[in-house]
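Take a first look at the structure below. The report then walks through its parts.

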Amino acid sequence: MEITLNINGRSQTISAHPTDTLLTALRHAGYYSVRYGSDDGTTGAGAILLDGRLVNSETILVGQAIGHHIETVEGLTTQVGELHPIQKAFIETGAIQSGYSTPAMILAAKALLDQNPNPTEAEVRDALSGILCRETGYVKPVQAVLRAAAYLRGEDVPPYEGPEIVDATYIGDLPSSPDDKISGPETHVTDTPATHTKPKTDVLLTSSIPETRVVGKPETKVDAVKLAKGNPAFVDDIELRGMLHAKLLTSPHAHARILDIDDSEALALPGVHAVIHYKNISRVKYASGGQSYPNPLPHDQVSFDNKVRYVGDRVAAVAAETPEIAEEALKRIKVTYEVLPAVFDENEAIKPGAPVIHDEDDTEGIHDAQRNIVHHIHAEVGSVEQGFQEADYVFEHTYYVHQVQQAPIEPHIAISWWDSDERLVIRTSTQVPFHVRRMVAPLLGLPVKRIRVIKPRIGGGFGVKQEMLIEDIVGHLTIKTGRPVRLELTRSEEFRSSRTRHPQTITFKTGVMKDGTLHSMEMRVVGNTGAYGTHGLTVQTVTGLRGLSSYNCKHRKFDCLVVYTNLPVPGAYRGYGGPQALFALECHMDEIAHALGMDPIVFRRKNWVQAGDPMPIAPLLGEGEKETVQFVPVIQSCGLNECFEQGMKAIGWERKYEPGWHEVPGKPHVRRGLGAAMCMHGTAIPGLDMGGASIKMNDDGSFNVLVGATDLGTGADTVLGQIAAEVLGVPLADIVMYSSDTDMTPFDTGAYASSTTYISGTAVKKAAEQVADQIRERAALMLGLERWHDIRLENRHAIAPDGRSVSLEAIALHSLHQDQQRQIMATASFVSMDSPPPFAGQFAEVEVDTETGQVTVTKLVMAVDAGVPINPITASGQVEGGMTQALGYAHCEEMAYDESGNLINDQFGPYHIYRADEMPWMKAILVQTNEPTGPFGAKAIAEIPKDGVAPAVANAIFDATGVRIRRIPFTPQRVYRALQAAKEGEAH
């Protein structure tokens with residue numbers, strides 16, 4: 001039917017069904033800034049203004065909007081290049097990461113500022129509280145709204161100041177207690193042998209940090225304008241003629257055999273074009289993790305199986321004319337199940353008599369299927385048993401980390417179609433387009449050359465999209481029907497049927513000498529990989545690497561069982577095994593320090609690694625069986641001391657030694673505490689991650705840069721553009737970025753392992769250097785010079801040593817049209833045998849209500865050494881967003897199941913992620929070091945913010961209450977029980 005709506009100040013007649021939501025109707029009318037996040041509106045991604053009031057279009061029927069004034073972000077400006085002050089402020093402050101929820105936040109800001117032109121920060125946070133955008137940490141969006149308010153009041157607004165950057169020049173001891181003051185700068189240690197006694201000095205780190213014009217500057221993101229204006233940018237922001245809609249039928253049982261499927265009634269429903277399941281799709285074994293060739297074993301999945309192994313496992317898929325018809329068809333599929341016993345706990349799954357989850361005979365590479373053991377990982381340096389005998393003290397503690405979901409606001413979505421050459425095109429929200437193409441080809445029975453994968457903007461990834469998850473389904477359905485097919489997971493399916501973080505049981509046993517020197521460390525892990533082994537090997541390997549490389553220790557051992565259970569499948573999640581390891585490790589270090597009567601930071605610093613130290617266990621814990629680490633890595637840059645110095649100063653660490661500080665005036669039942677954690681992560685997978693880049697010069701002296709690297713909202717396209725601009729002597733505005741199209745861009749392994757800046761950035765730098773040399777040669781030809789090596793590129797010109805210059809535009813025109821014509825262009829790729837670790841100091845302040853167990857995190861500070869930050873604004877945004885995700889992991893997020901394995905909190909709300917008005921005061925500090933192996937001194941920053949919040953909060957709770965809690969999250973019930981148990985223990 002035809003409905004007339006008032007949209008952005010004009011009447012518009014659109015076609016809509018009376019039961020359509022306003023979201024559906026607006027998107028069909030081309031208002032792509034209004035986006036799906038959940039059916040109940042809890043994400044706020046579909047927010048619009050209705051008569052000036054912020055409402056969720058997901059929960060309003062289109063008919064309810066008749067006669068009302070609707071505003072979307074598209075109505076804020078009318079001209080190309082024009083920006084509303086709110087959009088301008090969001091761009092300037094770096095408030096946009098993936099940008100999926102940015103239009104909704106901008107409308108929330110407009111609704112506030114229309115009513116209140118001079119809001120407080122608290123009022124801004126309240127206005128933004130209905131829109132979930134934890135990837136930003138909400139820090140910069142709040143700053144953007146306050147800045148926009150100043151613009152709208154007509155004030156002179158100064159240039160936006162980026163984050164605090166500190167050069168790591170600090171030398172000396174760290175302060176810990178009032179009796180432990182900083183010693184003066186005495187010596188500069190530039191190199192230390194692999195075995196040494198730790199000196200009472202730090203390493204001088206700021207030498208040779210390059211002087212740059214574009215790199216290291218707070219440049220505006222190259223995609224910021226289109227994201228701020230809500231322009232079509234994401235997978236779903238296209239319309240294809242004749243597109244069918246797919247829906248998934250998933251298992252209601254945690255473990256069952258499918259005896260039969262009858263799809264006849266579904267196929268008889270008008271509008272249904274295909275139903276696929278195990279009876280009509282070939283059984284091709286694969287592993288879904290988006291990892292390099294060959295994918296680690298076991299290949300324990302097929303597109304559709306005759307056995308289901310968790311609630312939410314695939315059973316069938318339908319393609320129909322409308323989503324509603326597809327939903328009805330699912331109800332008409334008759335499935336006969338034989339329900340089997342299930343097991344959910346990793347420690348129970350390996351006991352005798354536990355149900356065998358993978359009893360099929362065509363899966364290779366399972367370590368011990370009868371005991372549900374997917375992998376047994378073992379690595380040892382020295383002899384830990386000898387070390388325990390030699391140690392003066394031995395401590396052993398067990399920790400438990402739980403299952404959480406990555407919760408991107410844009411769910412998994414993929415659209416496939418045949419192009420005019422009858423090649424299959426898959427447009428998908430993925431972190432790994434090239435892996436997807438390679439992995440989906442055998443499942444679909446197509447050669448790689450007949451598949452093209454396009455990754456547009458992604459509305460959040462965080463590892464959950466490092467998977468070939470739904471692309472095979474849309475591909476199968478397009479092949480069956482000959483039509484374009486769209487599949488988007490619901491929020492419930494995103495929780496149940498995509499990927500999660502691995503739960504683990506972690507035991508540390510550590511031998512320590514009387515002076516506090518670590519001597520022997522054993523780490524035992526039982527990792528829960530759920531129903532399938534995707535990422536099971538590699539996540540747990542990283543857990544071991546992070547747990548046993550952060551501190552120097554003579555003897556080290558990692559022993560890990562990766563175990564099948566009937567839980568929804570864990571996979572990649574930002575941090576990739578690091579957050580689990582660091583929670584256990586940093587709590588364990590705190591416990592040992594207190595038992596020895598040492599200050600925990602002094603104890604850490606006595607043992608933590610520094611520049612010049614080796615990581616001897618790394619070669620034993622490479623990427624599966626690929627032996628990617630060929631030698632013992634040696635750390636070449638480390639700013640840990642400066643990170644702790646700056647972090648302690650920012651959090652006010654000295655307060656914990658003041659009498660009475662732990663008590664809150666007027667609240668005798670509340671106790672305050674401060675906690676810290678050391679963090680160390682990695683940069684790319686050595687010997688494995690590879691990125692390619694291609695650069696060509698245009699007629700006007702601008703450049704097209706093509707990369708396979710995948711920007712998840714992290715600012716990767718911007719950072720890579722800055723690197724190219726720096727080398728080529730042009731502003732970032734002269735760089736046009738193209739990325740993530742398997743037909744058009746060079747290969748890249750994808751966005752994971754904190755690799756993009758380091759790997760793809762170096763590839764861009766190498767390609768740009770080749771192009772720069774070609775420009776110099778052409779300039780020498782034009783200027784009549786015999787030598788070209790001394791020509792420098794600067795301010796869009798090639799400048800000779802004698803001061804003469806020629807513009808890059810003139811060089812481009814000369815090379816393309818005038819003399820000895822050629823296209824100035826180059827391609828380069830890069831793979832590194834190094835994986836330089838970033839470091840950080842994480843600090844937390846908490847208040848604990850001893851009567852209820854409620855923990856309130858009041859402050860978070862993270863000081864990060866990520867080398868030279870290529871773009872300080874995007875880098876600090878990564879830290880702020882990462883801390884916010886990590887806070888949810890520590891404090892409130894948890895996937896909860898009933899006794900049958902059914903997830904009971906598969907929606908936002910019951911599964912709680914932090915909102916803007918719930919956030920603690922938060923600060924990110926960038927400690928600048930120069931990593932000699934990285935482009936312009938850079939190393940990774942994206943994942944390390946996930947590592948330290950949980951242990952820092954745990955240690956702060958202990959500081960506040962004296963009670964140690966070894967299981968996360970720190971919910972009121974868990975904390976209250978621990979406090980009561982401690983009281984009862986004291987009574988006894």
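## The domains

This is a predicted model. The chain is divided into five parts. Domain 1 spans 2-75, and domain 2 spans 89-161. Domain 3 is made of two segments, 244-340 and 412-488. Domain 4 also has two segments, 504-684 and 835-987. Domain 5 covers 690-831.

## Where domain 4 meets domain 5

The C-alpha centres of domain 4 and domain 5 lie 39 Å apart. Their contact takes 17 residues from domain 4 and 18 residues from domain 5.

Together, domain 4 and domain 5 bury about 1,300 Å² between them. Carbon and sulfur atoms carry 67% of that area. On the domain 4 side, Ile 870, Pro 935 and Phe 936 lose the most area to domain 5. These three residues account for 39% of what that side buries.

## What the interface is made of

The side of domain 4 that touches domain 5 has 8 nonpolar, 8 polar and 1 charged residues. Across the interface of domain 4 and domain 5, the rule finds 0 salt bridges. It does find 4 residue pairs in polar contact there, with both residues at pLDDT 80 or more.

## Helix α16

Helix α16 runs over residues 600-607. Of its 8 residues, 6 are buried, so α16 is largely enclosed by the rest of the structure. The buried ones are Pro 600, Ile 601, Phe 603, Arg 604, Arg 605 and Asn 607.

Asp 599 caps the N-terminal end of α16. A side-chain oxygen of Asp 599 lies 2.9 Å from the backbone nitrogen of Ile 601.

Definitions and conventions: Residues are numbered from 1 along each chain as its sequence is written. This is a predicted model: local features need pLDDT of at least 70, side-chain atom pairs count only at pLDDT 80 or more; totals for chains, interfaces and linings use all residues. Side-chain values use heavy atoms; hydrogens and water are left out. Domain bounds come from an automatic or database domain assignment. Contact means heavy atoms within 4.5 Å. Buried area is the accessible area (1.4 Å probe) that two parts lose on being put together, summed over both. A salt bridge is a side-chain nitrogen of Lys or Arg within 4 Å of a carboxyl oxygen of Asp or Glu. A polar contact is a pair of N or O atoms within 3.5 Å; within protein, one must be able to donate a hydrogen and the other to accept it, and residues adjacent in sequence count only if both atoms are side-chain atoms. Ala, Val, Leu, Ile, Met, Phe, Trp, Tyr, Cys and Pro count as nonpolar, Asp, Glu, Lys and Arg as charged, and the others, Gly among them, as polar. Buried means under 20% relative accessible area, exposed over 50%, partly exposed in between (1.4 Å probe, protein chains only). Helices (H or I, at least four residues) and strands (E, at least two) are DSSP runs, numbered from the N terminus.
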